[in-house]
Amino acid sequence: MIELWHCADARSFRPLWALEELGVPYRLHLLPFPPRARQPEYLEQNPLGTIPLLVDGATRMTESAAICDYLAHRHGPSPLAVAPHETDYGAYLDWLHRGEATLTFPQTLVLRYRLLEPEERRLPQVADDYARWFLSRLRSVDAALSDGREYLCEDRFTMADISVGYALLLARTLKLDTDFPPAITAYWQRLTAREGYRSARAAQRP
């Protein structure tokens, strides 16, 4: 059985959501955040101390967006992946990685320097600068949805939406969602109305 190590609402929410959308059986290991500090025995499973960690037989993966694509192909075929012969294949790969590298990354600095560091080590200017960076990069999502499309690729929900959707979830945690433009607000509402999203949220409750 697939095993997933997860902290509530962390990057590991991407593969958790993907598993629920696919309906694939899995075993969930809930960890306190950050696990490398609060549950050091986890380092025996993942020496990086990061989450997610997904184990599927001999396969071990730690990158959340890559795990989503892996699951859609290995446990598919599934419309959650975009195939190479489809028009939006390139866009699918781009959004899959943009959700992490372009949208989630700046928010991790906001999280660290606004909330996680001890008071004396917090850096408000760094947090504010990277919050603005995130919001400026969010314009690409707004532009992609401006023609009325409901999802990012091939007129259907895919793993690309899970990757970008997690960045929007993190933005809500950081209270950056008040600056969402209307198209992104409507997109977020569509994502969170999905049964897979709701099941994943329920699964991570202790």
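**Figure 1. Helices H1 and H3 run roughly parallel to each other.** Roughly parallel denotes an angle under 35 degrees, roughly antiparallel one over 145, roughly perpendicular one of 65 to 115, and oblique the rest. The model shown is predicted, and local features need pLDDT of at least 70, side-chain atom pairs count only at pLDDT 80 or more, and totals for chains, interfaces and linings use all residues. Residues are numbered from 1 along each chain as its sequence is written, and side-chain values use heavy atoms, with hydrogens and water left out. Helices (H or I, at least four residues) and strands (E, at least two) are DSSP runs numbered from the N terminus. H1 and H3 (residues 64-74) pack at an angle of about 15°, and their axes lie 8 Å apart. The axes are lines fitted to C-alpha atoms, for helices over the stretch in contact, and the angles between N-to-C directions run from 0 to 180 degrees. H1 passes H3 in a right-handed crossing; a crossing is right-handed if the near helix is turned clockwise from the far one by less than a right angle, and left-handed if anticlockwise. H1 contributes Arg14, Pro15, Ala18, Leu19 and Leu22 to the contact, and H3 contributes Ser64, Ala65, Ile67, Cys68, Leu71 and Ala72. By class, the contact of H1 with H3 has nine nonpolar, one polar and one charged residues. Here contact means heavy atoms within 4.5 Å; Ala, Val, Leu, Ile, Met, Phe, Trp, Tyr, Cys and Pro count as nonpolar, Asp, Glu, Lys and Arg as charged, and the others, Gly among them, as polar.

**Figure 2. Helix H3 is largely enclosed by the rest of the structure, because eight of its eleven residues are buried.** A residue is buried under 20% relative accessible area, exposed over 50%, and partly exposed in between (1.4 Å probe, protein chains only). The buried residues of H3 are Ser64, Ala65, Ile67, Cys68, Asp69, Tyr70, Leu71 and Ala72. Their cover includes strands S1 (2-6), S3 (53-56) and S4 (59-61), together with helices H1, H4 (89-116) and H7 (159-173).

**Figure 3. The axes of helices H1 (residues 13-22) and H9 (residues 195-203) cross at roughly 120° and come within 8 Å.** This angle makes H1 oblique to H9. H1 passes H9 in a right-handed crossing. On the H1 side, Phe13, Leu16, Trp17, Glu20 and Glu21 take part, meeting Gly196, Tyr197, Ser199, Ala200, Arg201 and Ala203 of H9. The residues of this contact of H1 with H9 comprise six nonpolar, two polar and three charged.

**Figure 4. Helices H4 and H5 are roughly antiparallel to each other.** H4 and H5 (residues 124-137) pack at an angle of about 160°, with 8 Å between their axes. H4 passes H5 in a left-handed crossing. The H4 residues Thr102, Leu103, Phe105, Pro106, Gln107, Leu109, Val110, Tyr113 and Arg114 meet Val126, Ala127, Asp128, Tyr130, Ala131, Trp133, Phe134 and Arg137 of H5. Twelve nonpolar, two polar and three charged residues make up the contact of H4 with H5.

**Figure 5. The structure holds zero disulfides.** Cys7 is in no disulfide, and the nearest cysteine sulfur, in Cys68, is 16 Å away. A disulfide is a pair of cysteine sulfur atoms within 2.5 Å. The sulfur of Cys153 is too far from its closest cysteine sulfur for a bond, since that of Cys68 is 13 Å away. Cys7 counts as buried, at 0% relative accessibility, and Cys153 is buried with a relative accessible area of 0%.

**Figure 6. Cis peptide bonds join Ile51 to Pro52 and Gly76 to Pro77.** Most residues other than glycine have a negative phi, and most peptide bonds are trans. For the bond between Ile51 and Pro52, omega is about 10°; Pro52 lies in the loop between helix H2 (35-38) and S3. For the bond between Gly76 and Pro77, omega is about 10°, and Pro77 is located in the loop between H3 and H4.

**Figure 7. Asp9 and Asp155 have positive phi values.** Asp9 has a phi near 65° and is placed in the loop between S1 and H1. With 22% relative accessibility, Asp9 counts as partly exposed. Asp155 has a phi near 55° and belongs to the loop between helix H6 (139-145) and H7. Asp155 is exposed, its relative accessible area being 70%.
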